[in-house]
Amino acid sequence: EMSQPRLLCACLLICRTGAVALKVQQCSAQHPALRERRQCSARARACTRACTTLCALNAADAQGDAAAPLPALPPLLRGRSNTAAIWRVAWPSVVIGLLRAALGQVDAWYVGRLGSVQLQAISAASFLVWVVYIAGELCSVGVHALSSAAEGAGDRSDGVGAAVVQGLWFAVAASAAIAALASRPALLAAYFSAVGVTEPSVAAAGEAYARVTAVWGTLPLSAEACVLAGFKGIGETRPALAIAALTVVLNAALNGPFIARDGVAGAAWATNLSAAAGCLTALLALSRRGVRLRLRPPSLRALRRIGVIGAPLASSGLLFSAVYVALGRALAALSPSYLAALGVGHRIEAMAYTACEGYAVGTATVVGQWAGARRPNGAVKAAGAAARVAVATMLPILVLVYGCAAPAVRLFSRDAVVVGAAAQYLRIVALVFPVMAVEAVYEGALTGVQQMLPVLLVGIVGNLARVPLAMALLPRYGVTGVWLAIAISTAFKAPAKWLCFRRAPKRAVELPDA
């Protein structure tokens with residue numbers, strides 16, 4: 001409630017359409033003393049000075065807006081609702097994600113026919129192979145965010161091209177670092193020991209698969225992800241879909257002869273070669289869509305920006321993998337079949353996860369283009385529309401996975417313990433699929449506005465909580481406690497990322513250097 005002196009001199013400041021009106025209420029006739037009138041005059045002069053300063057700032061902002069008019073909307077946003085624009089990018093991205101996951105599914109299908117030892121080997125190696133894919137995500141996330149902003153700002157030719165080329169340089173550096181680490185046999189042996197693999201035959205097969213993937217596969221897998229991110233940034237994902245399909249078909253064709261020649265490692269060679277072919281095809285197709293892919297030297301500023309955008313998500317992914325190493329060790333202590341069950345469950349769950357990632361890609365593209373076009377309100381509305389559509393999409397997937405969990409697991413293993421544990425895992429995590437969709441959408445929205453630090457912070461809290469929560473539930477519920485811990489932590493991360501996006505700045509997106 002206002003005090004009596006403030007009632008004597010009330011200032012009303014009205015700012016609308018650049019006009020500022022200042023009305024100073026006259027001193028109350030009930031207080032005619034000279035001293036009080038002087039106080040009123042002093043307050044009036046102070047209000048006048050404050051209003052004059054505000055007018056100058058408003059005039060400067062108006063001049064800046066006039067000097068830098070808003071860019072025209074990019075083709076993706078022109079004449080479409082946010083839902084239509086997101087869906088145009090999302091559904092091919094969903095299929096691309098499923099096809100990309102199918103590279104591992106094809107490997108698992110072929111290797112599973114060799115025996116349970118080989119299947120356990122690639123299941124144990126899956127966490128390390130995950131690190132290789134995270135390296136690709138590190139550069140592709142940065143390229144996606146920068147190319148979306150460049151497309152929104154109307155700079156497809158040079159801006160998007162610069163983002164993709166610098167992303168390829170980043171992929172070269174990241175693949176060299178991973179290859180150097182994976183070339184050390186002691187590190188691979190320590191990894192398989194850490195995940196609880198004690199059978200020498202399983203460890204040997206897993207090391208061969210992981211070494212070929214890390215040393216020879218990081219560059220083609222990362223480079224292909226980087227170039228496909230350029231397609232996502234400009235909102236043209238259908239050509240990327242065709243390239244991803246070509247990659248999977250080639251992988252399926254190469255798996256048989258390479259596995260016959262090299263065993264489990266042959267599956268990794270088939271994946272690497274198919275990814276290299278897909279990368280070259282994607283480069284040619286992207287250049288035909290107005291993106292100028294001229295060779296540029298690496299720019300430290302651009303590489304740093306790609307790293308700043310992609311590193312939080314990659315670090316969160318690495319933490320995610322480390323958490324699953326700890327959980328895998330706990331499961332292997334109960335039974336090696338439970339570790340295989342987790343690996344099979346992940347491969348089937350990948351369908352739902354990649355569907356969520358498709359919506360995350362669509363959200364990142366549309367939000368990033370709105371932000372690049374300097375229209376933050378459009379970015380907020382686009383994220384909300386994406387969340388609603390993603391939840392509606394995940395409901396039938398929930399029903400399908402819950403009802404068909406056991407038959408789906410039997411496609412990968414006929415071991416009764418593996419089938420029972422993996423089916424139970426799928427039924428539990430299926431219940432949080434809609435929440436997982438909301439988490440993915442707002443992670444994509446944060447990518448679009450280039451604010452990825454909240455993703456890391458939420459990932460640290462949510463993922464690390466899985467280990468103590470699983471250890472607390474394990475004595476009472478057994479392996480079911482581990483599955484419950486995973487589902488509970490997923491339910492926490494969705495509202496946290498929504499809140500982070502609502503509070504994130506949406507104007508200060510950075511454009512790539514042409």
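## Basis of the description

The model is predicted, so local features are given only where pLDDT is at least 70 and side-chain atom pairs count only at pLDDT 80 or more, while totals for chains, interfaces and linings use all residues. Residues are numbered from 1 along each chain as its sequence is written, and side-chain values use heavy atoms, with hydrogens and water left out.

## Overall make-up

The protein has 18 helices and two strands, where helices (H or I, at least four residues) and strands (E, at least two) are DSSP runs numbered from the N terminus. Of the 514 residues in the protein, 53% are buried; here buried means under 20% relative accessible area, exposed means over 50%, and partly exposed lies in between, with a 1.4 Å probe and protein chains only.

Contacts (heavy atoms within 4.5 Å) can also be sorted by separation along the sequence. Among those between residues at least 6 apart in sequence, 83% join residues at least 24 apart.

## Helices α3 and α4

Helix α3, residues 82-112, packs against helix α4, residues 116-152, at an angle of about 160 degrees and with the axes 10 Å apart. The axes are lines fitted to C-alpha atoms, for helices over the stretch in contact, and the angles run from 0 to 180 degrees between N-to-C directions. This angle makes α3 roughly antiparallel to α4, on a scale where angles under 35 degrees count as roughly parallel, over 145 as roughly antiparallel, 65 to 115 as roughly perpendicular and the rest as oblique.

The crossing of α3 with α4 is right-handed; a crossing has this name if the near helix is turned clockwise from the far one by less than a right angle, and is left-handed if anticlockwise. From α3, the residues R100, L103, D107, A108, V111 and G112 meet Q118, L119, I122 and Y133 of α4. By class, the residues of this contact are six nonpolar, two polar and two charged, where Ala, Val, Leu, Ile, Met, Phe, Trp, Tyr, Cys and Pro count as nonpolar, Asp, Glu, Lys and Arg as charged, and the others, Gly among them, as polar.

## Two roughly parallel pairs

The axes of helix α10 (residues 300-334) and helix α17 (residues 466-477) come within 10 Å and cross at roughly 20 degrees, and the two helices are therefore roughly parallel to each other. Their crossing is right-handed. In this contact, α10 contributes F320, V323, Y324, A326, L327, A330 and L334, while α17 contributes R466, V467, A470, M471 and L474. These residues divide into eleven nonpolar, no polar and one charged.

Helix α4 also packs with α11, at an angle of about 5 degrees and with the axes 11 Å apart, and this pair is therefore roughly parallel as well. The residues of the contact of α4 with α11 comprise ten nonpolar, twelve polar and two charged.

## Residues within helices

S274 lies in helix α9, which covers residues 264-287, and is buried, with a relative accessible area of 0%. A polar atom of the S274 side chain is 3.1 Å from the backbone oxygen of A270. Apart from neighbours within four places in sequence, S274 is in contact with L103, T247, L250 and N251.

V106 belongs to helix α3 and counts as buried at 15% relative accessibility. When residues up to four places away in sequence are not counted, V106 touches N251, A252 and N255. The C-alpha atoms of V106 and A252 are separated by 6.4 Å, although these residues are 146 residues apart along the chain.

P336 is placed in helix α11 and is partly exposed, with a relative accessible area of 48%. Between the C-alpha atoms of P336 and V417, which are 81 residues apart along the chain, the separation is 9.8 Å.

## Residues in loops

R374 is found in the loop between α11 (336-372) and α12 (376-403), and its phi is near 60 degrees, a positive value in a residue other than glycine. At 37% relative accessibility, R374 counts as partly exposed.

Q450 sits in the loop between α15 (433-448) and α16 (453-464). Phi of Q450 is near 60 degrees, again a positive value in a residue other than glycine, while its relative accessibility of 6% means that Q450 counts as buried.

Notes: Polar contact = N/O pair within 3.5 Å; in protein donor to acceptor, adjacent residues only side chain to side chain.
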